[in-house]
Amino acid sequence: MNRREFLMSSACACLATATAKVDALFAQEAPATAPKLYRCGTPPPTPAAKIQANRVITALRSYRVNFRGKTVIPIRFHIIHQGTQGYLPDRQLKAQVALLNRTYAPASIEFKIADVNLHENESWFTHEPGSDAEVEMKTTLGTDTAGSLNIYTAEPGGGLLGYATFPWWYADTPQLDGVVIHHASLPNASRAQPWPYDLGMTAVHEVGHWAGLYHTFQGGCEAPGDDIVDTAYEQNSAAGCPLRQPSVCPGETRFDPVENYMDYSDDSCMKHFTPMQYQRIKDMVGYYRYKLSPQTSRSALLEQIRKSIE
Amino acid sequence: MKQRLVLLACLALGFSASPALAFKNIEGCDIVTFAAPSSPVPIAAERWQAYRNQAETILGAAPQAQASVQEWRPVAAELIGAQKSLLAPEKGSKAYQDYLAGDSCRVLAKLDAGAIETLLDEVAQSAPEPAATALRRITEAARTQIDNIERSARFRSNRDKTLFAAHYYCFVAGAIVALLPPERQPGITLESFGNTVGCKEAGRTE
């Protein structure tokens, strides 16, 4: 039994206990006060938000909440440009959305373009995350962040292809919510020279973060890694287009997830999410981005779960 | 008089540094390296003292109740101004250019959480309480910010990612070294803060 299997079995044992207790409570209708949530095993050395995301998933399973039905996410594109640099034609935006729809279909998520706006601004075009320019750009342009996905295309500095906000950040900084991607990362560009990041996978990767996924190499070989049981522990991020190799992490018998959308391989080598990543996407979007979710009929139950966690 | 005017001009330049990229200053690593007895770029003792005083003043005046990362950014911007002021007179020198091009130029690739905690404890024993507390909080804020970015960003390469993070780690190291007691400085190296990587290897060009 490797470390992850051990953690899984411990988690499942705890979950089974919690589920039994919650089921008993549900047999007498919903409890007046929400059941205390269960922390299984040793808490990992992670930020509070990460622990809370895990508690959300545990609670959703405990309450047997499964987000069903299609979630349609309107995308608001904000095209930041500097002269002709960064300008994007419609065909590239449509190709990007088509790719997002293909990759997120197993999570029953469909994206639709709601809005496209062009903005010429030099400091926004070359901004970095955490800068005043980021805050100014997003507070000026961000629209209906609860009910849509705001995608900003720009040319962020520092070798960045893109960055995103996690769903559990939304409550504190709703105005900063969204995804920023390098304008040259969108597919269908008319480019003289090929670029390893121009097939649209940066948006797939960043929307993964926006939907609650971590990098596959998060935490390296240390538990809980990326919190996904069907991705192998990975010591370092992949680069280029590596061959599949067994993970070097002690106790890990699987291969490094170098073809996963949440690794750092070149676009052409990114191939898939795993089933548990799709499950987490559904859970995180359904719970944190509930205004997008069709599960409004269960909002009372979700509210109860929220109260029990927060 | 001329020296004082130059110093004032440098201070003004430093303090006018934009807070746009608060928490980022790769030159903070140079400050740690130059504080060692075997510094490749000698800096006069009075300038070190001026830097310490500035850092202590900036941090001592920071509202202690501040909590969020965003709220620490203006304070960080002031500290970066002080860091740049310290190095400004040397920036064009041959010694500095040789250092940047040579193997002794290194930056932090990773912070050692335990080591940082120990150094902050040392600061707490020697520096005035408000400044020491503010230093601890601003260190946490910087680390939170880069941690958040690293968790949610896609970089073109590991090298880009390392260099991006180094700007944050170096700012932290340069701030901590300011408030360590002067007698501790000879024993402090960049490695006292965590893992380092050569500037060339990290792709540092500035």
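Begin by selecting H78(A): opposite it, in strand 3 of chain A, stands Y152(A). A word on what you are looking at: this is a predicted model, in which local features need pLDDT of at least 70 and side-chain atom pairs count only at pLDDT 80 or more, while totals for chains, interfaces and linings use all residues. Residues are numbered from 1 along each chain as its sequence is written, and chains are lettered from A and ligands numbered from 1 in the order in which they are written.

Next, select residues 71-81 of chain A, which form strand 1 (strands are DSSP runs of E, at least two residues; helices are runs of H or I, at least four; both are numbered from the N terminus). Nine of its eleven residues are buried, so strand 1 is largely enclosed by the rest of the structure (buried means 20 or more other C-beta atoms within 10 Å of the residue's own, with C-beta atoms placed from the backbone).

Then pick strand 2 of chain A, residues 109-120, paired with strand 1 in the parallel sense over eleven bridges. Check T71(A) with its bridge partner I109(A), then I79(A) with L118(A).

Finally, zoom out to the open sheet of six strands, ordered 2(A)-1(A)-3(A)-5(A)-4(A)-2(B), with mixed pairing. Strand 2 of chain A and strand 2 (153-155) of chain B stand at the edges, each with a single partner strand, so one side of each has no neighbour in the sheet.

Technical notes:
Buried ≥ 20, exposed ≤ 12 C-beta atoms within 10 Å, placed from the backbone. Pairing = 2+ DSSP bridges.
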